[in-house]
Amino acid sequence: MSLVSALEHKLKRQIAARKEAERLLEEKSLVLFETNQHLELALRQLEKSSNANLRKIEFQEQIDSLLIDFGRAFLRKNLDDVMLSDLAQSVTNSYLIESSRLILPQNLLPQLKVSDFGDKSIQGKVVDTVEEPEWDGELLTMPLEVEKVIVGVLILKVNLHGQDHTLIESQLLLVTELICSAITHQLAINRNVESRNRAEESERATRDFVAMINHELRTPLNGLLGSAELLNDTVLTDSQKEIVNNLSQSGEFLRIIINDLLDYSKINAGMLELIPKKFSLDELRNTIESIFVNRAAEKQLQFDVTISGHVPRYFVGDLERVTQLFVNLIGNAIKFTEHGYVKVDIGWKHGQFVFSVEDTGIGISKSAKETLFEPFTQADRSSSRNYEGTGLGLAICKKLVGVMDGNIEAKSELDKGTTFRVEIPLELAEDPQSTSHSKEDFAAEVTLSSLKILVVDDIKMNQIIIQQMLKKFEIMPEIAVNGVEGFQYASQNYYDVVFMDCRMPIMDGFEATEKLREDGYDRTIVALTAGTTLEERERCIECGMDDILSKPYTAKDLKEMLIKWG
């Protein structure tokens, strides 16, 4: 019995041990299962996080690529419909952006034909009500701010795919900034173009005005001075000679004022150009003395023009402008000097034409020196001032010397006098005088009377002036009153020289000359023009004219033109 009991007891112990082992195994299996479940969850979360990061990086790379491509495009050419349409489409290349719509105000940029780009089925908020990025479900509205004004919106349909709102906003904000920068850049370009167009239009208007007023002032001046010159050649009593002399001087003063006003306008309009030609020092001196000897004598002033012995006798330069410097400076000196003298010294130093104008006049105060070369400036502007004038003379001199690459300076002492010194570079020219030339010129003068001349001018006064001047050389010209008549006369008759006015009704001189040249007319055509701008002078040559006789002209000027071309 004891053996049986022992076996039973042993069996019970083994069964209990097995059950305990099974229990422990079950517990361990449960722990292992739970651990495995946690591990699988962790792996799934890690995989999800990795995918999100990859997609995040991919989204950022797509936006960066878009910014680079379109940033370059905006810098290369003007903003247009195609570029904005492509941009709206390219935003949707990202898996996060399903569709997009770009809305701008109409007429924001003149080069844009439309103002709505992308998917027009997207319905967003009104442009003016959006000031910050706004979410409405899956729709994100991004405002476009240009120069502190909301000018449009970029509306996007977004599939978040677990992405953070902030990330998407920050990336799309870069896109809107690019669009705003492109619009700002284009607006600046448009303003610059508009400003340039306005400036060019203003310049054209100024040029047209200067050319018109130049013609309108010089044309009657031609009649005035021409009539005075012709009267002076007739038999006159002493009182009549005095009246004619006054008329001539007044006309010359008027010409100086007109020249100053027109030249100042041309300088400001960028129209003043130098017209160099060969001239002699004696010619310049004779002009100066003919203008100022009598005027100085009237005020009982000593007037001397001194030329250093080593000064060359012939130069190449703009004689009219050089003369204008002398006329303004000497005219001022005589005007502001009541007693004493006005001296002009001409020299040549280091390849520069140098001259000074010294007077014993009222002088210039220190305060007046500061604005000495400014336009419309005079020491005394009152209605009772002693010295009349426009106040442009010195300003013109300063501008002219600047155009010639020269220098002008003034020294003065109040109540003692003033000295102006001018240096300008001039080219030297050879002495043209020779026996053969003199004989040729004499022969040319002898044959002037045999020339057949046609004058085309619509103004009766100008017709009379040139007829009377030509009569001095025993020439009786034919007269045409407009370009059509001038074209017919020249086509049907032989003329040695045609003097063609430029501005006429029906057909102007430019068109008449062009038609003549097109028909093979090969005789000399000389422009009669009151225009002094380089543009108008070039137009004369371009249309086929051979030379230019500027109004107001003298009989001497006319004679030189006849000798040259007749």
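Ala-395 belongs to helix H8, which spans residues 393-403; helices here are DSSP runs of H or I with at least four residues, strands are runs of E with at least two, and both are numbered from the N terminus. The model is a predicted one, in which local features need pLDDT of at least 70 and side-chain atom pairs count only at pLDDT 80 or more, while totals for chains, interfaces and linings use all residues. Residues are numbered from 1 along each chain as its sequence is written, and side-chain values use heavy atoms, with hydrogens and water left out.

With a relative accessible area of 2%, Ala-395 is buried (buried means under 20%, exposed over 50% and partly exposed in between, with a 1.4 Å probe and protein chains only). Apart from neighbours within four places in sequence, Ala-395 is in contact with Phe-373, Glu-374 and Pro-375, contact meaning heavy atoms within 4.5 Å. A separation of 9.2 Å lies between the C-alpha atoms of Ala-395 and Asp-260, which are 135 residues apart along the chain.

Helix H2, residues 81-90, has Asp-81, Met-83, Leu-84, Leu-87 and Ala-88 as its buried residues. Viewed down the helix axis, these fall within an arc of 170 degrees, so they line one face of H2; the arc is that of the directions from the axis to the C-beta atoms. On the other side of H2, Val-82 and Gln-89 are exposed.

Turning to the cysteines, the whole structure contains zero disulfides, a disulfide being a pair of cysteine sulfur atoms within 2.5 Å. The closest cysteine sulfur to that of Cys-543 belongs to Cys-540 and is 6.0 Å away, too far for a bond. Cys-543 is buried, at a relative accessible area of 6%, and Cys-180 is buried at 10%.

Nine aromatic pairs are found in the whole structure. Rings of Phe, Tyr and Trp (its six-membered ring) pair if their centres lie within 6.5 Å; planes under 30 degrees apart count as stacked, over 60 as edge-to-face and the rest as tilted. Phe-279 and Phe-315 form a tilted pair, 5.8 Å centre to centre with 35 degrees between the planes. This pair links distant parts of the chain, with Phe-279 in strand S6 (residues 277-280) and Phe-315 in strand S8 (residues 314-317), 36 residues apart. Phe-279 is buried at 2% relative accessibility, and Phe-315 is buried at 0%. Phe-353 and Phe-355 also form a tilted pair, at 6.2 Å and 55 degrees. One aromatic cluster comprises Phe-279, Phe-315, Phe-326, Trp-348, Phe-353 and Phe-355.
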